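Colleague: I have the model open. Can you walk me through a few residues and helices in plain words?

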Amino acid sequence: DILTTHFDFHSLHDTILKLDELGHVVPTLYKHLEDITGIKIKDVPTSDPQVIKMCTSAEVLGVTPEEIYCQTGSLGIPEMGTGFTIQMLIDAKPTKFSDFLQISGLSHGTDVWLGNAKDLIDQNICTISDVIGTRDSIMTYLLYKGVEPKMAFNIMEFTRKGKAPKFFTPEIIEMLKEHDVPQWYIDSCLKIKYMFPKAHAAAYVISAFRIAWYKVHMPAYFYASWYSTKATDFDIEAMIKGYDDIKRVLTEIEGKGYDATNKENGVSECLKVALEMAARGIKVAPYDLYKSKGMIFTVGDDKTIIPPFRAIDGLGDVVAKNIEKEAERAPFISIEDFQTRCKVSQTLIEKMRSMGIFSGMPETSQLSLF
């Protein structure tokens, strides 16, 4: 007996206050990095030359593109680690902070990169520094060219909303040409459907650079934090076995193409970062009932990260937390004792036994009673 009436968006636009509450992984990643390194995120530099170079070259990480199946070192970096943005970085060849603002704006806009800015760069008409990357740059560029401020603002507003074709009358186009605005710039405006604001781009790039600093200089801590906050699907057994096994599983999943399941695609994303980590000489330690946490990856030393129980396939968060809690309370005297106290299913017990987690532990508590 609830009556629901649907209105189209434009009917509500000026009458309803809509509050977006966004879940953002970057602040969570910040918190993990601060907690395990002791270095405040605000103290991390945002202009490290190694970080800038890493975004276009894997060699900064001490690996080759062939070893990690990626030409850049930006895997796992927010805004710069997807296949789409990695290709953008390769094509655009950014060399300074302002170039990365352009990359961020272009990756979030609609009809601003493919068929637009990318073609201009490929044809050597202009560089990443010159193309239209954010909405603000349209107005500032036109002001620089001497266009009247109100007109510059209106051109920016109509272009960012994808309405330039309606606004750009023959008179406006002629006016722009009189102010030495090149034809390629006008054509680019006419193609744009949506443009990202520069302040958003700046916030994203600063975040990315700070997180990338940890990846370059404190890699074990970066990977532990990334896996704790970003990864949802694991093949933890392959990760523990190392580079060759990670590569094997990754190749099997990628060979399925579009037939791969959502879970397998999630595992693939996880293993791409794991392959890079292994190539850098950082290992995932075998499970330890007393060192492994329930939910988060921790750092053993500069070359080792310790996996949590939640990364075991089929082991849920409640059981993972139970194991950590019981391990802190008292040692386990047998597998039977572990199963009873942690409320773990027999299936998971068999899984954990096959992984060698109970090595040397007696099956039952009977002997210790005598």
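**Residues, helices and a core**

Modeller: Glu21 counts as exposed, at 70% relative accessibility; exposed means over 50% relative accessible area, buried under 20% and partly exposed in between, with a 1.4 Å probe and protein chains only. This is a predicted model, where local features need pLDDT of at least 70, side-chain atom pairs count only at pLDDT 80 or more, and totals for chains, interfaces and linings use all residues. Residues are numbered from 1 along each chain as its sequence is written, and side-chain values use heavy atoms, with hydrogens and water left out.

Colleague: Fine. Where is Glu21 found?

Modeller: Glu21 lies in the loop between α1 (9-12) and α2 (25-37). Helices are DSSP runs of H or I with at least four residues, strands are runs of E with at least two, and both are numbered from the N terminus.

Colleague: And how far apart are the C-alpha atoms of Glu21 and Val299?

Modeller: They are separated by 32 Å, and the two residues are 278 residues apart along the chain.

Colleague: What does Lys198 touch?

Modeller: Leaving out residues up to four places away in sequence, Lys198 touches Leu101, Thr134 and Asp136. Touching, or contact, means heavy atoms within 4.5 Å.

Colleague: Next one: is Asp99 buried or exposed?

Modeller: Asp99 is buried, with a relative accessible area of 2%. Asp99 sits in helix α6. With residues up to four places away in sequence not counted, Asp99 touches Pro94, Ile128 and Ser129.

Colleague: Changing topic. At what angle do α8 and α9 pack?

Modeller: Helix α8 (residues 135-144) and helix α9 (residues 149-160) pack at about 150°, and their axes are 8 Å apart. That angle makes α8 roughly antiparallel to α9. Axes are lines fitted to C-alpha atoms, for helices over the stretch in contact, and angles run from 0 to 180 degrees between N-to-C directions. Under 35 degrees counts as roughly parallel, over 145 as roughly antiparallel, 65 to 115 as roughly perpendicular and the rest as oblique.

Colleague: Which residues make the contact?

Modeller: From α8 they include Ile138, Met139 and Leu142, and from α9 they include Phe153, Ile155 and Met156. By class, the contact of α8 with α9 has nine nonpolar, one polar and three charged residues. Ala, Val, Leu, Ile, Met, Phe, Trp, Tyr, Cys and Pro count as nonpolar, Asp, Glu, Lys and Arg as charged, and the others, Gly among them, as polar.

Colleague: Back to loops. What is phi of Glu79?

Modeller: Phi of Glu79 is near 75°, a positive value in a residue other than glycine. Glu79 is in the loop between α4 (65-68) and α5 (83-92) and is partly exposed, with a relative accessible area of 29%.

Colleague: And what is phi of Lys93?

Modeller: Phi of Lys93 is near 50°, also positive in a residue other than glycine. Lys93 is in the loop between α5 and α6 (97-108) and is exposed, at 57% relative accessible area.

Colleague: Last thing. How many residues has the largest nonpolar core?

Modeller: The largest nonpolar core has 114 residues, and those with the most contacts inside it are Leu176, Tyr227, Phe338 and Met352. Helix α13 (residues 198-217) gives the most to this core, with nine residues. Such a core is a set of buried Ala, Val, Leu, Ile, Met, Phe, Trp, Tyr and Cys residues joined through side-chain atoms within 4.5 Å.
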